[in-house]
Amino acid sequence: MQDLKKYKAISHILIEAGCLKVGEKVAIIYDESTYEVAKYFSETVLKIGGKLKMARTPESHLHGIEPCKDAVMEMMRSDLIVGLTVTSMAHTQARKNACINGARYLSLPEYSLDLLNSDSIFASYKDRKIVVDKVTDRLTKSKYLRVTTKRGTDITLVTTGRAGNSCPG
């Protein structure tokens, strides 16, 4: 039963957030630590009808490290890229170039099999976009942001000149 939920969660991610369509080329970029999760994603891509390529890149200890050359080549050939590494590749030149080339990118750093069992995966990202865009607009127009919590956090940040970033899913 848990495996079925994982496959449903991955299908939701690929179709709702990644807008995957039958026949599209999908590159799953993974590292040693995310291989088990990548296997589930690869099986789901094939069940949906995507054309799958997988590329293993060395595990990085920092976000933003460029993937290996094989991964970069697969990214450039793909309609959808699943960045399934322990650290984020979202701000790499490889990701930027692939998106300029027309690819869509799902940034899924630190994904685990346990995370795929969470009901939060099934949120409607498109429905949430309206709220996320409103918050983004408010952040962009703000001068300060104050964060407080019941546990005592009380910090004020200067936000003048900073642009909000809408990433609703």
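**Close-ups of a predicted model**

**View 1. The second largest pocket and its lining.** Leu139, Leu145, Val158, Thr159, Arg162, Ala163, Gly164 and Asn165 line this pocket. On a 1 Å grid over the protein atoms alone, a pocket is an open set of points where a 1.4 Å probe fits, with protein on both sides within 12 Å along at least five of seven lines, and lining residues have an atom within 4 Å of a point. The volume is about 170 Å³, meaning the space filled by probe spheres set on the points. By class, the lining has 4 nonpolar, 3 polar and 1 charged residues; Gly counts as polar here, and Ala as nonpolar.

This is a predicted model, so to speak of a local feature takes pLDDT of at least 70, and side-chain atom pairs need 80 or more, while totals for chains, interfaces and linings use all residues. Numbering starts from 1 along each chain, and side-chain values use heavy atoms, with hydrogens and water left out.

**View 2. Helix α2, residues 35-48.** Helices here are DSSP runs (H or I, at least four residues), and strands are E runs of at least two. From first C-alpha to last, the 14 residues of α2 reach 20 Å, close to the 20 Å expected at 1.5 Å a residue. Val37, Ala38, Tyr40, Phe41, Ser42, Thr44, Val45 and Ile48 are its buried residues (under 20% relative accessible area, 1.4 Å probe, protein chains only). Just after α2, glycine 49 takes a positive phi of about 110°.

**View 3. Stepping back to the chain.** There are 5 helices and 6 strands, running α-β-α-β-α-β-α-β-α-β-β from the N terminus. Of the 169 residues, 35% count as buried.

Technical notes: Expected span 1.5 Å × (residues − 1). Buried < 20%, exposed > 50% of the residue type's maximum accessible area, 1.4 Å probe, protein only.
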